[in-house]
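Please consult the display below alongside the numbered points.

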Amino acid sequence: MARWTSGALNNYVGTSTGGLGAEQPVHGPNKTWTHSVVMTTGQFTSDGLTNDLIIRWSDGETTLYQDTRMNSLGTERMIAPPA
């Protein structure tokens, strides 16, 4: 998963030690997403899939996006409120 300076978010499906996987846009340029500070992906819910995204925002809020897919961020859940 990559967040570009424009705020666009792309997923790279099939990334391995051999290189980047196929680029799949999640969303285009977005001013809000330029405030993401830390981002990680993985399995953070009980559905058994590694398609969750956690974001820490510049104001300290931490958000979980469950079931992120191409062109969709999935279900948004605040984990920690803004500082």
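1. The model under review is predicted. Its chain contains zero helices and seven strands, so that the order of elements from the N terminus is β-β-β-β-β-β-β. The radius of gyration is 13 Å, close to the 12 Å that the globule rule gives for 83 residues, and the chain is therefore as compact as a globular protein of that length. Along the principal axes, the C-alpha atoms fill a box of roughly 40 × 30 × 20 Å.

2. Of the 83 residues, 33% count as buried. Among contacts in the chain with a separation of 6 or more, 21% involve residues 24 or more positions apart.

3. Strand 2 (residues 9-13) runs antiparallel to strand 3, and five bridges join the two. Within this pairing, Tyr12 has Glu23 of strand 3 as its bridge partner.

4. Strand 4 and strand 5 run antiparallel and are joined by six bridges; the bridge partner of Met39 is Ile55 in strand 5.

5. The aromatic pairs. How many aromatic pairs does a search of the whole structure find? The search finds two. Trp33 and Trp57 form an edge-to-face pair, with 5.0 Å centre to centre and 75° between the planes. Because Trp33 lies in the loop between strand 3 and strand 4 and Trp57 in strand 5, this pair ties together parts that are 24 residues apart in sequence. Trp33 and Tyr65 have ring centres 5.6 Å apart and planes at 40°, so their pair is tilted. The latter pair links distant parts of the chain, with Trp33 in the loop between strand 3 and strand 4 and Tyr65 in strand 6, 32 residues apart.

6. The aromatic cluster as a unit. Trp33, Trp57 and Tyr65 form one aromatic cluster. Trp33 and Trp57 are both buried, and Tyr65 is likewise buried.

7. Leu64. This residue lies in strand 6 (residues 62-66). Is Leu64 buried or exposed? Its relative accessible area is 2%, so Leu64 is buried, the cut-off for that class being under 20%. Leu64 and Ile54 are ten residues apart in sequence, yet their C-alpha atoms are 4.5 Å apart in space. Not counting residues up to four places away in sequence, Leu64 touches Phe44, Thr45, Asp52, Leu53, Ile54, Thr75, Glu76, Arg77 and Ile79.

8. Thr62. Strand 6 also holds Thr62, which counts as buried at 17% relative accessibility. Leaving aside neighbours within four places in sequence, Thr62 is in contact with Ile54, Ile55, Arg56, Arg77, Met78, Ile79 and Ala80. The C-alpha atoms of Thr62 and Leu9 are separated by 17 Å, and these two residues are 53 residues apart along the chain.

9. Asn51. Where is the place of Asn51? Asn51 is found in the loop between strand 4 (36-42) and strand 5 (52-57). The side chains of Asn51 and Asp67 are joined by a polar contact of 2.7 Å. When neighbours within four places in sequence are left aside, the contacts of Asn51 are Gly42, Tyr65, Gln66, Asp67 and Thr68. One of these, Tyr65, also belongs to the aromatic cluster with Trp33 and Trp57.

Terms used:
Residues numbered from 1 in each chain as written. Predicted model: local features only at pLDDT ≥ 70, side-chain atom pairs only at ≥ 80, totals over all residues. Heavy atoms only, no water. Pairing = 2+ DSSP bridges. Helix = DSSP H or I, 4+ residues; strand = E, 2+ residues; numbered from the N terminus. Polar contact = N/O pair within 3.5 Å; in protein donor to acceptor, adjacent residues only side chain to side chain. Contact = heavy atoms within 4.5 Å. Buried < 20%, exposed > 50% of the residue type's maximum accessible area, 1.4 Å probe, protein only. Phe/Tyr/Trp six-rings, centres within 6.5 Å; stacked < 30°, edge-to-face > 60°. Rg over C-alpha atoms; globule rule 2.2 N^0.38 Å.
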